[in-house]
Amino acid sequence: MRLSPDELIFWQYGFVTLNATIVFTWGLMLLLTLGSMLITRRLSAELTRSRWQNLLEIVVMAIVQQIEDIGLPHPEKYLGFLGTLFLFIATASLCTVIPGFEPPTGSLSTTAALALCVLVAVPWYGIADQGVGGYLESYVEPTVVMLPFNVISELSRTLALAVRLFGNMMSGAMIIGILLTITPFIFPIVMTALGLLTGMVQAYIFSVLAAVYIAAAIRTRPVAPAPAPGA
Amino acid sequence: MQVDWFTVSAQALNFVILVWLMKRFLYTPILNAIDARERRVAGELADAAARQAEAGQARAEFERKNAEFDQQRAALMTQAAEEAGAERRRLLEEARQAADQASARRQAQLRNDARALDQAIRRETQREVYAIARKVLSDLAGASLEARAADVFVRRVRALDGPAKEGVAETIRTASAPVLVRSAFELPAEQRAAIQAALDETLHTGTPVRFEAAPEVVSGIELVVDGHKVAWSIAGYLASIEQRVGDLLAETTPEHAGGARAVLPGAPVAG
């Protein structure tokens with residue numbers, strides 16, 4: 001049995017392989033892009049609008065609200081990255097109900113790629129917010145002694161992100177596969193429903209963690225840190 | 001299970017492309033639409049607020065004008081009521097005056113009528129009284145009464161003295177016509193002689209005397225010469241009484257013009 005869609009290879013030339021992960025990712029990208037294009041082709045600025053536009057507005061505004069709640073000012077700046085993370089992972093989880101579909105997030109390659117993207121995005125936004133020097137200073141705070149620990153934590157959280165998402169998505173797929181061999185009726189449906197729930201939770205956790213890391217990166221020098229109440 | 005680094009890099013690239021696609025086709029249009037709608041809503045709200053303020057001003061203006069109109073109307077009503085009251089008082093006063101004048105005219109008319117009636121009644125009464133008296137006296141008059149009248153006349157002639165006597169004598173002396181003695185009845189001869197004697201003794205004129213019977217004298221004797229008259233007759237008394245009563249009536253009538261009630265038949269003058 002396959003543990004990862006990476007192992008299903010459609011085409012290979014040297015080290016260039018076209019496996020199921022990449023193909024399903026393209027499928028998800030096509031779905032998301034075409035859906036967005038179809039809905040946003042006739043956007044209405046009036047008070048009455050289509051139900052699909054309403055749905056997209058609710059989703060986008062919910063993401064914006066979440067980013068703002070985490071503490072990032074100007075959430076529109078981070079909406080592209082964080083929103084796409086959430087939508088991609090959530091869509092991948094939702095599509096697991098389609099028979100034959102294997103979520104690309106069930107591949108450690110995909111989750112590692114997403115974690116690497118977060119690893120790059122955090123300093124990217126940090127530098128964009130406070131410059132190279134300001135961002136690098138955050139590694140030696142509160143003292144220089146903390147520098148190695150900060151670097152380790154930066155790497156370890158990237159690894160944790162990748163493994164957490166991979167483990168959850170792969171476990172869901174594996175449980176369904178195992179249950180199918182034992183009890184092919186009823187139970188796989190229940191587990192699929194549970195997998196939908198955990199998939200949505202994972203999408204939320206991944207995006208929120210990325211937002212928190214970015215917020216930590218751009219908030220290393222608060223203007224006036226308020227003492228926590230009761231501290 | 002291992003990480004395929006080609007897949008990792010391909011997925012990372014895929015993700016970056018997906019981020020760009022999502023930005024291009026999802027987030028930007030949606031956010032723009034939302035912003036446009038919010039601007040529109042804010043504009044409409046501002047417009048509504050402006051309209052509401054305008055309506056408030058219009059309402060305030062309307063209420064102010066309404067209050068002004070009410071005040072003006074109340075003032076006009078008060079003025080009209082005052083004018084109507086004044087006009088009513090004036091008309092009432094005019095009507096009262098007209099009524100007073102009509103009443104006064106009517107009272108005056110009544111007084112005049114009553115006075116005229118009163119005078120007519122008095123005149124008629126007076127005339128009747130004198131006619132009755134004249135009738136009674138003429139019925140009673142006779143030769144013996146005439147004799148007594150002649151005696152009284154003789155006595156009166158003899159009693160003349162002073163300026164009266166001189167005046168009468170002078171008149172008789174200078175008269176062109178003979179002295180006329182009138183009586184109601186034909187006088188007997190001895191009485192004619194006595195009268196002639198008395199005139200001669202008293203006046204010393206010697207003028208012949210002509211005797212004449214005149215029934216309108218009623219009873220008595222008159223001596224008439226050139227407009228002068230010495231007489232004792234009931235007719236003369238009656239005439240003098242009538243004259244005096246007429247004068248008295250003429251004097252007293254105005255005193256009774258004070259009230260309509262007083263001017264009634266049976267006034268004290270007639271009694």
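**View 1. Two helices of chain A, α5(A) and α6(A), side by side.** Axes here are lines fitted to C-alpha atoms, for helices over the stretch in contact, with angles running from 0 to 180 degrees between N-to-C directions. In this predicted model, the axes of α5(A) and α6(A) (residues 187-218) come within 9 Å and cross at roughly 175°. That makes the pair roughly antiparallel, a label for angles over 145 degrees. Helices are DSSP runs of H or I, at least four residues, and strands are E runs of at least two, numbered from the N terminus.

**View 2. What sits between α5(A) and α6(A).** Contact just means heavy atoms within 4.5 Å. Among the residues involved are Leu161(A) and Ile176(A) from α5(A), plus Phe206(A) and Tyr213(A) from α6(A). By class, the contact has 14 nonpolar, four polar and two charged residues. Ala, Val, Leu, Ile, Met, Phe, Trp, Tyr, Cys and Pro count as nonpolar, Asp, Glu, Lys and Arg as charged, and the others, Gly among them, as polar.

**View 3. Where chain A meets chain B.** Chain A brings 47 residues to the contact and chain B brings 31 residues. Together the chains bury about 3,500 Å², with 77% of it on carbon and sulfur atoms; buried area is the accessible area (1.4 Å probe) that two parts lose on being put together, summed over both.

**View 4. The salt bridge between the chains.** The rule (a side-chain nitrogen of Lys or Arg within 4 Å of a carboxyl oxygen of Asp or Glu) finds one across this interface. Glu57(A) pairs with Arg37(B), and their closest N and O atoms are 2.4 Å apart.

Residues are numbered from 1 along each chain as written, and chains are lettered from A in the order written. Local features need pLDDT of at least 70, side-chain atom pairs count only at pLDDT 80 or more, totals for chains, interfaces and linings use all residues, and side-chain values use heavy atoms, leaving out hydrogens and water.

Note on methods. Angles under 35 degrees count as roughly parallel, over 145 as roughly antiparallel, 65 to 115 as roughly perpendicular and the rest as oblique.
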